[in-house]
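Trainee: I would like a close look at a single part of this model. Please take me through it step by step.

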Amino acid sequence: MLMDPVQKKVQQWSKEMPNLNTKPMALISRLQQTTKEMNGELYTNFEDYKLTDAGFDVLATLLRAGPPHSLSPSELLEQMDITSGTMTTRIDKLEKKDLVKRKIKKNDKRGVNVALTKKGLKLIEEAIVAHVKTQEKIVSVFDEEEQLIFISLLQKYLAHNVKKNNKQDM
C-alpha cells in the first residue's frame, strides 16, 4: 500500500512517543486531508458555473424544495444551518446575478420567499448534474460495498454527535 501524507507523521509520533495512541490522530488527520482534496475538486466544479460553494448550496436547496423552487429565509436557514446574516449575504449575491429573487408572500405582505429565477433554475440544473459526476469520480476509488460501509460509519458518527451537540445547545 502506498504511504499517504499522514502515515509519515504517525510514524514520527510512534518513534518520538511510542506510548501515544495515534489511531484517533491518524483517522481524523486522514478525514481532514480527504476533505481538503475532495473540496478542491468540488470547488473547481462550482467555479465552472461561476458559483461559490455557498451560492451552490442555496440554489441546490431551492431546487431540492421542488416547484415552485421557493422557500422562506427561515426555511433556508433551517436546512442549511447557517446564521441569518450569512444567509442574507448569500441571497444578496445570488440576486445580483439574477439567480434568485425575493418575492413577497401572497398571504403575508410582511414576509418574503426566495425563489429561483429561470436563469437560476437552468444554471443549478446543469451544475447539479456536473456536481454529481464530480462526486462519482471522487468516490470511484472505492467499490460500491466500500462506499456503503463508509456511509454507514459516517452516519453512525453523525447520528451520535448531532444528538450530543443538540443537547449542549439547549
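Trainee: Which residue stands opposite Val114 in E3?

Mentor: Leu71 stands opposite Val114 in E3. Two notes on reading come before the rest. This is a predicted model, where local features need pLDDT of at least 70 and side-chain atom pairs count only at pLDDT 80 or more, while totals for chains, interfaces and linings use all residues. Residues are numbered from 1 along each chain as its sequence is written, and side-chain values use heavy atoms, with hydrogens and water left out.

Now the strand itself. E3 covers residues 112-116. Strands here are DSSP runs of E with at least two residues, helices are runs of H or I with at least four, and both are numbered from the N terminus. Strand E1 (residues 70-71) pairs with E3 in the antiparallel sense, over two bridges. Two strands pair if DSSP finds at least two bridges between them. Strand E2 (residues 100-104) also runs antiparallel to E3, and five bridges join them. In E2's pairing with E3, Lys103 stands opposite Asn113.

How covered is E3? Four of its five residues are buried, so the strand is mostly covered. Buried means under 20% relative accessible area, exposed means over 50%, and partly exposed lies in between (1.4 Å probe, protein chains only). In a regular strand the side chains alternate between the two faces of the sheet.

Next, look at Arg102. Arg102 forms a salt bridge with Glu95, and their closest N and O atoms are 2.4 Å apart. A salt bridge is a side-chain nitrogen of Lys or Arg within 4 Å of a carboxyl oxygen of Asp or Glu. Arg102 is partly exposed, at 29% relative accessibility. Glu95 is partly exposed too, with a relative accessible area of 29%. Asp92 joins in: Asp92, Glu95 and Arg102 are linked in a network of salt bridges.

The structure holds six salt bridges. One of them joins Arg90 and Asp57, at 3.9 Å from N to O. Arg90 lies in helix H5 (residues 84-96) and Asp57 in helix H3 (residues 53-64), so the pair ties together parts that are 33 residues apart in sequence. Arg90 counts as buried, at 18% relative accessibility. Asp57 counts as partly exposed, at 29%.
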